[in-house]
Amino acid sequence: MTSPRIQESFDVLEKIVQAVGLSPNGAEPIRLAENDLWRLPGQVVVRIARRGQSAAAAREVQVTRWLAQNSIPAVRPLGIDQPVTVNGRTATFWEELPPHRAGDESDLAPLLRRLHQLPPPPFTLGEIAPFVRIADRIKASQSASREDQAWLLRRLEDLQAAWTDLPQGLRPCVVHGDAWGGNTAVTHNGVFLMDFERTAVGPPEWDLTSTAVAADTFGKISRSAYEKFCESYGHDVMDWAGYPTLRDIRELRLTSFALQTADDNPAMLEQAIYRVKCVRGLAGPRPWHWKAVA
């Protein structure tokens with residue numbers, strides 16, 4: 001039996017693909033989370049964004065076309081006029097990658113190094129927005145208590161102030177925006193970057209912090225694996241005085257995402273509440289061994 005969540009997403013997909021002359025027949029859900037991903041026959045992937053994300057979707061198409069011109073291995077958008085918006089939902093269309101597995105920090109480091117070395121693009125990207133949707137997620141949460149919500153919002157204000165006063169670091173550049181191993185795909189003919197909706201201009205340390213947090217907060221990767229990542233990239237963000245601020249911002253982002261997910265999936269409630277306890281300093285020192293939410 002099709003779940004209500006899948007059926008709701010398919011109804012949106014049906015209207016969107018028909019708008020570009022494609023058929024929804026044979027569509028298969030890949031993942032329904034922050035974005036809804038569907039596979040169509042003919043090796044086409046449709047990515048449906050949440051409401052209000054049309055600008056991010058357009059930027060993602062523009063960025064990936066620019067990356068193709070610069071020979072950066074990344075997912076490629078179909079050569080159609082996109083993104084496509086129907087009834088307030090925006091979608092993009094992509095060439096499906098060949099069979100692949102999710103990458104890890106060793107696959108990510110060399111691609112980030114190449115990305116961060118690129119010259120500025122011939123279009124305006126805008127600056128990285130590290131706090132986007134955090135406040136909305138916290139305020140809308142049905143899982144967090146009123147007390148937790150108030151604390152998280154105060155913490156958000158503190159980190160926003162700290163962000164504006166970061167110490168000097170590496171030269172600003174084009175950053176991926178959500179650079180973790182899961183946003184790489186390892187195929188038989190190479191490693192590809194994915195998911196560019198947060199790509200912008202900003203401190204490269206923002207991208208590097210994702211892997212640092214995987215070691216520091218999640219306890220997901222070993223110290224030796226993290227050191228190999230730093231060696232491959234050529235820099236250890238943990239040595240930078242601004243790292244604790246970026247780490248704390250990412251932890252708050254990941255906590256707000258867990259709260260949002262728990263509202264849709266009660267199985268994630270325990271993890272969401274645990275993350276709140278961690279960032280509030282009520283669960284002991286790092287690493288906190290957070291589990292994935294989806």
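Begin by selecting Asn35, Arg47, Ala49, Gln53, Ala56, Ala57, Glu60, Thr90, Ala91, Thr92 and Glu197, which line the largest cavity of this predicted model. Helix 2 and strand 5 are the elements that each contribute two or more residues to this lining. The cavity has a volume of about 50 Å³, and a search of the whole structure finds one cavity of 30 Å³ or more. Rolling a probe the size of a water molecule over the atoms shows where empty space is left.

Five strands make up an open sheet in the order 1-2-3-5-4, with antiparallel pairing. Which strands stand at the edges? They are strand 1 (28-32) and strand 4 (84-86); each has a single partner strand, so one side of each lacks a neighbour in the sheet. On average, neighbouring strands are turned by 25° against each other, direction ignored.

Within this sheet, select residues 36-40 and 44-48. These are strand 2 and strand 3, paired in the antiparallel sense over five bridges. Leu37 has Arg47 of strand 3 as its bridge partner. Arg47 also belongs to the lining of the largest cavity.

Helix 2 (residues 54-69) lies across strand 3, strand 4 and strand 5, and runs at about 20° to strand 5.

Proceed to the loop between helix 2 and strand 4, where Pro83 is located. The peptide bond from Gln82 to Pro83 is cis, with omega near 10°. A further cis bond leads from Arg286 to Pro287, with omega near -5°; Pro287 lies in the segment after helix 9 (269-279). Most residues other than glycine have a negative phi, and most peptide bonds are trans.

Arg133 is not a glycine, yet its phi is positive, at about 70°. Is Arg133 buried or exposed? Its relative accessibility is 17%, so Arg133 counts as buried, the limit being under 20%.

Move on to strand 8 (residues 184-187) and strand 9 (residues 190-193), which run antiparallel and are joined by four bridges. A hairpin of two residues connects strand 8 to strand 9. Val186 stands opposite Val191 in strand 9. In the loop between strand 9 and strand 10 (200-202), select Asp195. Asp195 has a positive phi of about 65° although it is not a glycine, and it is buried, with a relative accessible area of 13%.

Then turn to the second largest pocket, with a volume of about 250 Å³. It is lined by 14 residues; Trp163, Leu166, Pro172, Gly202 and Pro203 are those nearest its centre. The lining comprises nine nonpolar, three polar and two charged residues.

Finish at Tyr226, in helix 7 (residues 223-233). Tyr226 is buried, with a relative accessible area of 1%. Which residues does Tyr226 contact, leaving aside its neighbours within four places in sequence? They are Thr211, Ala212, Ala215, Ile221, Asp236, Val237 and Met238. Ala179 is 47 residues from Tyr226 in sequence and 14 Å from it in space, C-alpha to C-alpha.

Definitions and conventions. Residues are numbered from 1 along each chain as its sequence is written. This is a predicted model: local features need pLDDT of at least 70, side-chain atom pairs count only at pLDDT 80 or more; totals for chains, interfaces and linings use all residues. Side-chain values use heavy atoms; hydrogens and water are left out. On a 1 Å grid over the protein atoms alone, a cavity is a set of points where a 1.4 Å probe fits but cannot get out, and a pocket is an open set with protein on both sides within 12 Å along at least five of seven lines; lining residues have an atom within 4 Å of a point. Grid points are joined across faces, edges and corners, and a volume is the space filled by probe spheres set on the points. Ala, Val, Leu, Ile, Met, Phe, Trp, Tyr, Cys and Pro count as nonpolar, Asp, Glu, Lys and Arg as charged, and the others, Gly among them, as polar. Two strands pair if DSSP finds at least two bridges between them. Axes are lines fitted to C-alpha atoms, for helices over the stretch in contact, and angles run from 0 to 180 degrees between N-to-C directions. Contact means heavy atoms within 4.5 Å. Buried means under 20% relative accessible area, exposed over 50%, partly exposed in between (1.4 Å probe, protein chains only).
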